[in-house]
Amino acid sequence: MEDKTEDRPRVVVDEPLDGRRRVMIDGEDVGVVVTADELRGVLRRAGVLGEDDASLDNPRLIEWHGGGPDDWPAA
């Protein structure tokens with residue numbers, strides 16, 4: 001029998017705190033970012049995004065807390 005349940009997002013981006021957003025990948029804290037470009041860099045270095053990937057609005061990959069990929073209050 002095939003498991004058809006969706007996988008949980010690999011990446012969790014917490015709500016902004018003092019303009020910073022904490023990033024978790026597979027449950028591991030990988031630091032904080034203050035811009036979408038910084039987040040892309042973190043995800044590329046971790047092998048989550050490829051060099052050509054730019055979209056951060058894939059809910060199967062990223063779970064956003066306290067705002068989405070366009071919410072960067074300090075940027």
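1. How much of the chain do buried residues make up? Buried residues account for 28% of the 75 residues; buried means under 20% relative accessible area, exposed over 50%, and partly exposed in between, with a 1.4 Å probe and protein chains only. The model is predicted, so local features need pLDDT of at least 70, side-chain atom pairs count only at pLDDT 80 or more, and totals for chains, interfaces and linings use all residues. Residues are numbered from 1 along each chain as its sequence is written, and side-chain values use heavy atoms, with hydrogens and water left out.

2. Overall layout. The chain has one helix and four strands, in the order β-β-β-α-β from the N terminus. Helices (H or I, at least four residues) and strands (E, at least two) are DSSP runs, numbered from the N terminus. Of the contacts between residues at least 6 apart in sequence, 43% join residues at least 24 apart; contact means heavy atoms within 4.5 Å.

3. Strand pairing. Strand β1 (residues 11-13) runs antiparallel to β2, and three bridges join them; two strands pair if DSSP finds at least two bridges between them. Val 11 has Ile 25 as its bridge partner in β2. Five bridges link β2 with strand β3 (residues 28-33), again in the antiparallel sense, and Arg 22 stands opposite Val 32 of β3. The hairpin formed by β2 and β3 has two residues between the strands, and Asp 26 in its turn has a positive phi of about 50°.

4. The two faces of β2. Side chains alternate along residues 21-25.

5. Nonpolar core. The largest nonpolar core has 16 residues, and those touching the most other members are Val 11, Ile 25, Leu 39, Leu 43, Leu 56, Ile 62 and Trp 64. At least two core residues come from each of β1, β2, α1 (36-45) and β4 (62-64), and α1 gives the most, with four. Such a core is a set of buried Ala, Val, Leu, Ile, Met, Phe, Trp, Tyr and Cys residues joined through side-chain atoms within 4.5 Å. Leaving aside neighbours within four places in sequence, Val 11 is in contact with residues including Val 23, Ile 25, Leu 43, Val 48 and Ile 62.

6. Helix α1. The buried residues of α1 are Ala 36, Leu 39, Arg 40, Gly 41, Val 42 and Leu 43, and their cover includes β1, β2, β3 and β4. Arg 40 counts as buried because its relative accessible area is 19%. Not counting residues up to four places away in sequence, Arg 40 touches Leu 49, Ala 54 and Leu 56. After α1 comes Gly 47, with a positive phi near 80°.

7. Aromatic residues. A search of the whole structure finds one aromatic pair. Trp 64 and Trp 72 form this edge-to-face pair, at 6.0 Å centre to centre with 90° between the planes. Rings of Phe, Tyr and Trp (its six-membered ring) pair if their centres lie within 6.5 Å; planes under 30 degrees apart count as stacked, over 60 as edge-to-face and the rest as tilted. Trp 64 is buried at 18% relative accessibility, and Trp 72 is buried at 11%.
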